[in-house]
Amino acid sequence: MSDIEQSRMRRAGLTVLAAIVLAVGFVASPAAARTADPGPGSHSVAAPATISAGKALIRRACAPPTRRNQVACLTLIRTDVKPSRGIQHLIAPSGFGPADLRSAYALPSSGGAGQTLAIVDAYDDPNAESDLAVYRAQYGLPPCTTANGCFRKVDENGGNSLPTPDAGWAAEESLDLDMASAICPSCRILLVEAAQPYLSELGGAVSTAVRMGAKYVSNSYGGPETSDAPGFDTSYFDHPGVAITASSGDDGYRTEYPAASRFVTAVGGTSLSRASGARGWSETTWSGSGSGCAAYIAKQSWQSDGGCARRTIADVSAVADPATGVAVYDTYQSGGWQVYGGTSAAAPIIAGVYALAGPPPAQYYPASFPYQHPAALFDVASGRNGTCNPAYLCTAGAGYDGPTGLGTPNGLTAFRSGTGTSPCVAPGNKIVNGGFEIGTSPWTSTPNVILANGSGETAHAGTHFAWLDGYGTTHTDTLAQMVTIPAGCRAVLNLWLHIDTAETGTVPYDTLTIKVGTRTVATYTNANAAPGYRAVALDLSSFAGQTVSVSFTGTEDSSLQTGFVVDDVALNAS
């Protein structure tokens, strides 16, 4: 064995939230955004009592989470609106209906035919299909039933072993189904019901929805972001070519997951009102809209706000204020027509807009699309959800802000791929020697990073690869190449990544950081280890027109090896 091979040998074989006030949107203190991880235990919690919220009385449909990685649905129910049953022939139900929402957001009344929009929730709503039929009939929408192939309800594994019914989550499911129908009445709807409200089960339900063909998946639930979030991201929410939306939360300035996922469109909330003027509507920040700076999730390449080094919430927004809420029909232990709010309304609205906009390209993350078209959104520039520093994380203003993101839909343009109307001036792969088959050039790296088969790892394709770390001692390896991303192009960094480790558990001891220029676009740790290679696709379209360094940095602590193996790197411009 050569000296280099000997120096490169790795150590192989090592072994509840407090009681909450809602003021038509609770305003949390900045400290509330960093709550301690809750401990393990059961999920049973009594629902909170009715809360006085300004001129409206509001209650939560679901109790706040009290256990680690448990979540709650984010539906708020007006209790000062008298419920009614069945089709309302003389007086329309209270709350905004489909025509109102389409008018407010400049959306077409048709589109989405053949598209499958999935709703992911916990527990069962026994009346989901029959209640949906009443809602759609009330507003003249086409029937969506099991019999005509439009509606399907499955368990978290895609089967028929439906979970236990729950009245709070049934309210959530009714809201989600009704909003999806209001925005995309021609969409097929897939309802996936997880057995319990934990991220492992709901995340599995997301993967089931994607496996069953959904290109749009709405998640109207959330809980405190924990150190497990990067693992959930990798396991459940990383689905290029699928538009996944998640409610940002109903408790003001506070970070929640899965809205903090770097692979989802985090949807904040607004107060929506009729107004004079060409649009006919006005919006302000809803004070309950969740926002914040993630503690564990890296910032995506398409986000560029400077006040948060990690993922910033939210991306876009839609109506969520229960005082300006939407009409919903729910009869499971409930009275029928009611007015609901919360960012649970906003997430399926935005999922429906994505569905109207058409299927996303397979290699792109649709969360990036609004950042390519910020001018194609209604900017929400007033209101706040708390007090924070920097202020834009909790106070609306011109351009991007935390509570409402880039704004609300103004038609479909912001929810389609593309960086504009300029043609891509030089399409193709911009990485040279991405398979490492012709030596080290033009890569720069620390010693013994670019290696051949037989040195302890195996290439994804060909005979060479880049191997960072894996020593089991304090160590840092680097690998980088300068590239020019052409103007007017969509750009995706594709690579294959294998992670093996002697660490156990989910605590991130060893880290691989991928940067473009000075911006971190992805982070992986020993907690992401798995057999074989996995495909990675990172949307770099926001760097179009720039010459930047694409770099990989592996950092290892003092014991127990983690090896990060990279191969077949390409940066494709189109």
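A crossing of two helices is called left-handed if the near helix is turned anticlockwise from the far one by less than a right angle, and right-handed if it is turned clockwise. The structure is a predicted model, in which local features need pLDDT of at least 70, side-chain atom pairs count only at pLDDT 80 or more, and totals for chains, interfaces and linings use all residues. Residues are numbered from 1 along each chain as its sequence is written, and side-chain values use heavy atoms, with hydrogens and water left out.

**Figure 1. Helix α3 crosses helix α4.** Helices (H or I, at least four residues) and strands (E, at least two) are DSSP runs, numbered from the N terminus. Axes are lines fitted to C-alpha atoms, for helices over the stretch in contact, and angles run from 0 to 180 degrees between N-to-C directions. Helix α3 covers residues 128-138 and helix α4 residues 167-183; their axes come within 10 Å and cross at roughly 40°. This angle makes α3 oblique to α4 (angles under 35 degrees count as roughly parallel, over 145 as roughly antiparallel, 65 to 115 as roughly perpendicular and the rest as oblique). The crossing of α3 past α4 is right-handed. Contact (heavy atoms within 4.5 Å) is made by Ala128, Asp131, Leu132, Tyr135 and Arg136 from α3, and by Ser174, Leu177, Asp178, Met179, Ser181 and Ala182 from α4. These contact residues of α3 and α4 comprise 6 nonpolar, 2 polar and 3 charged. In this grouping, Ala, Val, Leu, Ile, Met, Phe, Trp, Tyr, Cys and Pro count as nonpolar, Asp, Glu, Lys and Arg as charged, and the others, Gly among them, as polar.

**Figure 2. Helix α4 also packs with helix α7.** Helix α7 spans residues 343-357, and its axis lies 8 Å from that of α4 at an angle of about 30°. The crossing of α4 and α7 is right-handed. On the α4 side, Glu172, Leu175, Asp176, Met179, Ala180 and Ile183 take part, and they meet Ser344, Ala345, Pro348, Ile349, Gly352, Val353 and Leu356 of α7. The contact of α4 with α7 contains 9 nonpolar, 2 polar and 2 charged residues.

**Figure 3. Cysteine pairs form disulfides.** A disulfide is a covalent bond between the sulfur atoms of two cysteines. Here a disulfide is assigned to a pair of cysteine sulfur atoms within 2.5 Å, and by this rule the count comes to 5 disulfides. One of them joins Cys62 and Cys73, whose sulfur atoms are 2.0 Å apart. The angle about the S-S bond of Cys62 and Cys73 is 100°, and the link is right-handed. This pair connects distant parts of the chain, 11 residues apart: Cys62 is in the loop between β2 (56-60) and β3 (72-73), while Cys73 is in strand β3. Both Cys62 and Cys73 are buried (buried means under 20% relative accessible area, exposed over 50%, partly exposed in between, with a 1.4 Å probe and protein chains only).

**Figure 4. Two further disulfides join Cys144 to Cys150 and Cys184 to Cys187.** The sulfur atoms of Cys144 and Cys150 are 1.9 Å apart. The link of Cys144 and Cys150 is left-handed, with -90° about the S-S bond, and both cysteines are buried. For Cys184 and Cys187 the S to S distance is 2.1 Å. The torsion about the S-S bond of Cys184 and Cys187 is about 75°, so this disulfide is right-handed. Cys184 counts as buried because its relative accessibility is 0%; Cys187, at 1%, also counts as buried.

**Figure 5. Backbone features are shown at Pro258, Ala314, Tyr123 and Leu560.** Most residues other than glycine have a negative phi, and most peptide bonds are trans. Tyr257 and Pro258 are joined by a cis peptide bond with omega of about 20°, and Pro258 lies in the loop between β11 (256-257) and β12 (265-274). A cis peptide bond with omega of about 15° joins Ile313 and Ala314; Ala314 is in the loop between β15 (310-313) and β16 (316-319). Tyr123, although not a glycine, has a positive phi of about 65°. Tyr123 is located in the loop between β5 (116-122) and α3, and is buried, with a relative accessible area of 8%. Leu560 is not a glycine, yet has a positive phi of about 65°; Leu560 is found in the loop between β30 (546-556) and β31 (562-573).

**Figure 6. Thr523 is placed in strand β28.** This strand covers residues 519-525. Thr523 is partly exposed, with a relative accessible area of 33%. Not counting residues up to four places away in sequence, Thr523 touches Ala298, Thr511, Leu512, Thr513 and Asn528. Thr523 and Phe552 are 29 residues apart in sequence, and their C-alpha atoms are 9.7 Å apart in space.
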